[in-house]
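Hi there,

Here is the structure I promised to pass on, with some notes on what turned up in it. Have a look at it first, then read on.

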Amino acid sequence: MDVADLIDEVIAREGGYSNHPADRGGPTHWGISQAVARANGYAGPMQALPRAQAVAIYRRLYWDQPGYGFVAELAPAIAAELFDTAVNMGVSTATGFLQRALNALNRNQQDYPDLKLDRVIGARTLGALRAFRALRGAAGERVLFKAIDAMQGERYIALAESRPANEAFLYGWLANRIG
């Protein structure tokens, strides 16, 4: 797995400049919100955000900092899903989905101890993922992926239910982010 390919896929999905009236995040370019761009040193107009700067932001904030490269060494499909979820919902949400799924799939701690839901990829989360992968193999990785995807889908529906303006995005979220 190459993170550059994952970033290219996200940028292709997110598209160019957008300033949708229902989007609380305001103007975005390459899927990077104005607030994220500003927090990462970009001060120009969002329409002119360089693609290379968006790529650097994606790599740093949504791959390197959360430690998804370490996850990729154990379960590449899970790392790709975490990256995509983090881009759209935030790193803590994506990592929390992984920890919750691993806890729910450990057969009442028979396979490995429950994780504290700290939303951080650390030694214990990686150890639980390693133990799960050793016990369940590739089929287990597919089930874990489905569990994370299910939580992500439920969250999209809840976002649309709690704020009707989000219905403008629900179809695209489900079509492009789930499954």
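This is a predicted model: local features need pLDDT of at least 70, side-chain atom pairs count only at pLDDT 80 or more; totals for chains, interfaces and linings use all residues.

Residues are numbered from 1 along each chain as its sequence is written, and side-chain values use heavy atoms, with hydrogens and water left out.

Back to Thr-125, which belongs to helix 7. Is Thr-125 buried or exposed? Its relative accessible area is 4%, so Thr-125 is buried (buried is under 20% relative accessible area, exposed over 50%, partly exposed in between, with a 1.4 Å probe and protein chains only). Leaving out residues up to four places away in sequence, Thr-125 touches Leu-98, Gln-99, Leu-102, Leu-115 and Val-120 (a contact means heavy atoms within 4.5 Å).

Leu-102 has its own list of contacts: beyond its neighbours within four places in sequence, it meets Tyr-112, Leu-115, Thr-125, Ala-128, Leu-129, Phe-132 and Leu-144. Leu-102 also shows up in the largest nonpolar core, which has 48 residues; Tyr-58, Val-71, Phe-83, Leu-102 and Leu-144 have the most contacts inside it. (Such a core is a set of buried Ala, Val, Leu, Ile, Met, Phe, Trp, Tyr and Cys residues joined through side-chain atoms within 4.5 Å.) Which helix gives the largest share of this core? That is helix 7, with nine residues.

Now the aromatic rings. There are five aromatic pairs, counting rings of Phe, Tyr and Trp (its six-membered ring) with centres within 6.5 Å; planes under 30 degrees apart are stacked, over 60 edge-to-face and the rest tilted. Take Tyr-58 and Phe-83: their ring centres are 6.5 Å apart and their planes meet at 65°, so this pair is edge-to-face. The pair joins distant parts of the chain, with Tyr-58 in helix 3 and Phe-83 in helix 5, 25 residues apart. Both residues are buried, and together with Tyr-62 and Trp-63 they form one aromatic cluster.

Zooming out, the chain has eight helices and two strands, in the order α-β-β-α-α-α-α-α-α-α from the N terminus. (Helices, H or I with at least four residues, and strands, E with at least two, are DSSP runs numbered from the N terminus.) Buried residues make up 41% of the 179 in the chain. The C-alpha trace spans about 55 × 35 × 25 Å along its principal axes.

Trp-30, in the loop between strand 1 (28-29) and strand 2 (32-33), has a phi near 60°, a positive value in a residue other than glycine. Arg-107 lies in the loop between helix 6 and helix 7 and also has a positive phi, near 50°. With 42% relative accessibility, Arg-107 counts as partly exposed.

Cheers
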